[in-house]
Amino acid sequence: MLFYGTELSSRLMLGTAQYPSPDILAGAVRAARAGVVTVSLRRESAGLRAGQAFWSMIRGLGVPVLPNTAGCHTVKEAVTTAQMAREIFDTDWIKLEVIGESDTLQPDMFALVEAARILTEDGFKVFPYMTEDLVGAERLLQAGCQVLMPWGAPIGSGRGLNNLFGLRALRAHFPDVPLVVDAGIGLPSHAAQAMELGYDAVLINTAVAKAGDPVAMAGAFRLAVEAGLAARSADPMEERDMAVPSTPVLGRAVLA
Ligand SMILES: CC(=O)[C@@H](O)[C@H](O)COP(=O)(O)O
């Protein structure tokens, strides 16, 4: 699967926020064999790890960087943050987040489409963080996005795939568009389920960073993503409502 013409080394995208230490973050990225790491300009700038040292460490991981506009609530904020990210990380990839509601951190789909249009016209390759809304998805594609990133559940909730019907519908409507489940994944089994649904990748941050052992959890997610992808490629059986005996019966026992 190509993401804007680039084949990633793995289908696991890893967020870099909230780790107990930079060493543990680096260990998690290695254990996950992450295909991409995401980094938030606004959050890092505001925190203790601000500035060049943290960003140099991220670049030094040797994994493609996908900067994001986490924490942005308006089109203007998101566009300005994306432009800063392009300079700092020397990449035209941007994970576009425009948050519309504070309790759920639900994306503002209207502002998202507008920001995506501005950024694609400016040469960016936009990875939009979105709800599973089919019409919104169509508008984002019309705005120039070639990848879509629907949420599994609210960011940091660890609830997994909240709306299986919606995620399935999105996959069915856009069979050729790279789709990534972004946010809300709490367990490796959720990641495997996303891959089994036919999603092309998953993006995970909190579930790894906040695990008791982030490095071990990163390894578990790697295995789950690989398992889900392998299962999908192996063409899983159809679910049925009724039982079908799996053991052939060749006659009945005769009781004397
Ligand atoms: C949209 C967003 O910010 C997510 O990419 C987040 O970084 C990952 O979500 P989780 O922390 O729930 O995995």
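This is a predicted model: local features need pLDDT of at least 70, side-chain atom pairs count only at pLDDT 80 or more; totals for chains, interfaces and linings use all residues.
Student: Which residue does UniProt list for "active site", and where is it found?
Tutor: UniProt, in an unreviewed entry, lists Lys95 under that heading, and an annotation of this kind may be inferred rather than shown by experiment. In the model, lysine 95 is found in strand β6, which covers residues 93-96.

Student: Why is lysine 95 called buried?
Tutor: Its relative accessible area is 3%, and a residue counts as buried when that value is under 20%, so lysine 95 is buried.

Student: What makes the buried residues of helix α3 line one face?
Tutor: In helix α3, residues 52-60, the buried residues are Phe54, Trp55 and Ile58. Seen down the axis of α3, these buried residues fall within an arc of 95°, and therefore they line one face of the helix. The face turned away from that buried side carries Ala53 and Gly60, which are exposed, and just after α3 glycine 62 takes a positive phi of about 75°.

Student: How do you know that both faces of strand β3 are covered?
Tutor: In β3, residues 12-15, Leu12 and Leu14 are buried on one side, while Met13 and Gly15 are buried on the other.

Student: Which strands pair with β3, and in what sense?
Tutor: β3 pairs in the parallel sense with strand β12, residues 201-204, over 3 bridges, where the definition of pairing asks for at least two; within this pair, methionine 13 stands opposite leucine 203. With strand β4, residues 36-40, β3 again pairs in the parallel sense over 3 bridges, and leucine 14 has valine 37 of β4 as its bridge partner. Between β3 and β4 the chain passes through helix α1, residues 22-32, in a β-α-β crossover that is right-handed.

Student: What makes the residues listed for "binding site" a cluster in space?
Tutor: The unreviewed UniProt entry lists Gly156, Ala183, Gly184, Asn205 and Thr206. They are spread over 51 residues of sequence, yet the largest C-alpha distance is 8.9 Å.

Student: Why do glycine 184 and asparagine 205 count as buried?
Tutor: Glycine 184 has a relative accessibility of 6% and asparagine 205 a relative accessible area of 18%; because the cut-off is under 20%, each of them counts as buried.

Student: Where are these two residues found, and what do they touch?
Tutor: Glycine 184 is found in the loop between β11 and α8, and, not counting residues up to four places away in sequence, glycine 184 touches Ala153, Pro154, Ile155, Gly156, Ser157, Gly158, Arg159 and Gly160. Asparagine 205 is found in the loop between β12 and α9, and, with neighbours within four places in sequence left aside, asparagine 205 is in contact with Gly15, Thr16, Ala17 and Tyr19.

Technical notes:
Residues are numbered from 1 along each chain as its sequence is written. Side-chain values use heavy atoms; hydrogens and water are left out. Helices (H or I, at least four residues) and strands (E, at least two) are DSSP runs, numbered from the N terminus. Buried means under 20% relative accessible area, exposed over 50%, partly exposed in between (1.4 Å probe, protein chains only). The arc is that of the directions from the helix axis to the C-beta atoms. A crossover is right-handed if, with the strands pointing away from the viewer, the path from the first strand over the helix to the second runs clockwise. Contact means heavy atoms within 4.5 Å.
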